[in-house]
Amino acid sequence: MLLFSFLSICGCFNFGPSVIELTANNFQREVEHRDNKTVYFVMFHGQHCPACQMAYPEFVEAANEAVGMVKFGHIDTSQEYALGSQFQIYSIPTFIIFHPNGQTTYNRERLARTMLNVASRFIPNLSQPVDDSWLPTNETRSVILFTDKQNTPPIWSAISCEFENNTKNIQIGFCNNATIQKEFGITAVPTILMINGEHKFVYNNKNRFQLIRKTIIDFFEGVIPDSPKPTPAPVLIDNLESQEDFENQCKGKGLFCVVQKGEEPTSEFNNAAKKYRHDHFKFFLCKPENCPFDFLKESVWIFHHRREAGIRVDNLETLGSTLDRVIDGGARFVPLEKLKTEAEEL
């Protein structure tokens, strides 16, 4: 709190290496003359601006997670008068997203997840639709996302841009056709399959751009030369047995904890844990005999990883759509005390 007060008084900002300082000297090079695939999220701010101080930590968090997907920059309008005038900045902070189709003012919540999700939707999708002509041959060099989604996820659009015109002639594909998926031997979605001639590799790590990018590079450079040997199925749902366990696993780790109370997880909960295993979630079963939370009852609860807030899902048929809204940044988290009071009144 003292540090925040000091920063507010002095007007200092520590944007870090993921946010580029934009000035009259580099704005044309960085933003106006960027390639036609790059999305730039720019924060216009000034000194002695409490609202800027409140927003910039979320902006920095979004930038840190967006490395390689979306560029982030900041402009100090108290120093860069010409840029502030050029973009008619009358209030601060102001956020503008520069993208291949022009520029868009960002007016959504000043939360890292929402900022990243909105900006990443402007990434052009260069992935190709997959049909049976993509079936492996000795010459095949491809990476395919198999999914049940209708639209290409922004992270896959970013991968397609990253590997456009690559020297190894790697094709980036997208497939939501169940028949084609069966022909490739895909039994669960989402799945990322890498094919290099007779070698295949299934990506089974977190849904992070830099991790996926590095794995693709390593696979085609022979660092991952063969398909991995079968491994035991990962544990998708852990047991939650104490308040300390909850604090250690659910706070400050960047993951939203999804908790169901009961002796066994329901089929809907199992399916969600499987489907969203690579996203920003961690799933828990809270057994009645040692569950630290009496207020859980029969609902599924989604706990925010930083705020004392959550979402109660009473209808399990809506669990998937609720998790999708959390991913997109459009979910409404309610203070836990209010949720607990409502649960006790049921």
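# A tour of cysteines, cores and a sheet

Start by selecting Cys161: its relative accessible area is 10%, and because buried means under 20%, Cys161 counts as buried. Keep in mind that this is a predicted model.

Cys161 takes part in no disulfide, and the nearest cysteine sulfur, that of Cys175, lies 20 Å away. Seen from the other end, the sulfur of Cys175 has Cys161 as its closest cysteine sulfur, and 20 Å is too far for a bond. Cys175 is buried too, because its relative accessibility is 1%.

Next, colour the disulfides, of which the structure holds three. A disulfide is a covalent bond between the sulfur atoms of two cysteines.

Select Cys49 and Cys52. Their sulfur atoms are 2.3 Å apart and form a disulfide. The link of Cys49 and Cys52 is right-handed, with 75° about the S-S bond. Cys49 has a relative accessible area of 8% and is buried; Cys52, at 0% relative accessibility, is buried as well.

Move on to Cys250 and Cys257, whose sulfur atoms sit 2.1 Å apart in a disulfide. Why is this disulfide called left-handed? The torsion about the S-S bond of Cys250 and Cys257 is about -100°, so the disulfide is left-handed. Cys250 is buried at a relative accessible area of 1%, and Cys257 is buried at 0% relative accessibility.

The remaining stop in this part is Cys286 with Cys291, joined by a disulfide with an S to S distance of 2.0 Å. The link of Cys286 and Cys291 shows 100° about the S-S bond and is right-handed. Both Cys286 and Cys291 are buried.

**The cores**

Now select Phe41, Phe59, Val70, Phe72, Val143 and Trp156. These are the residues with the most contacts inside the largest nonpolar core, which has 47 residues. Show helix H3, residues 50-65: this helix gives the most to the core, with seven residues. Then colour domain 1 (19-122) and domain 2 (128-221); both give residues to this core, so the core lies between them.

Centre the view on Phe41. Which residues is Phe41 in contact with, leaving aside its neighbours within four places in sequence? They are Phe59, Val70, Lys71, Phe72, Gly73, Phe95, Ile96, Ile97, Tyr106, Met115 and Ala119.

Another core lies apart from the largest one. This other core has 21 residues, and to find it, select Ala273, Ala309, Val313 and Ala331, which are among them.

**The sheet**

Switch to a cartoon view and look for an open sheet of six strands. Its order is E11-E13-E12-E14-E15-E16, and the pairing is mixed. Strand E11 (237-239) and strand E16 (334-335) stand at the edges; each has a single partner strand, so one side of each is left without a neighbour in the sheet.

Gly310 has Val334 in E16 as its bridge partner.

Then bring in helix H9, residues 243-250. H9 packs on the sheet and touches E11, strand E12 (256-261), strand E13 (281-286) and strand E14 (300-303). The direction of H9 makes about 170° with that of E13.

End with helix H10, residues 267-275, which lies across E11, E12, E13 and E14. H10 runs at about 155° to E13.

Technical notes: Residues numbered from 1 in each chain as written. Predicted model: local features only at pLDDT ≥ 70, side-chain atom pairs only at ≥ 80, totals over all residues. Heavy atoms only, no water. Core = buried A, V, L, I, M, F, W, Y, C linked by side-chain atoms within 4.5 Å. Buried < 20%, exposed > 50% of the residue type's maximum accessible area, 1.4 Å probe, protein only. Helix = DSSP H or I, 4+ residues; strand = E, 2+ residues; numbered from the N terminus. Domains from an automatic or database assignment. Contact = heavy atoms within 4.5 Å. Disulfide = S-S within 2.5 Å. Pairing = 2+ DSSP bridges. Axes fitted to C-alpha atoms, helices over the stretch in contact; angles between N-to-C directions.
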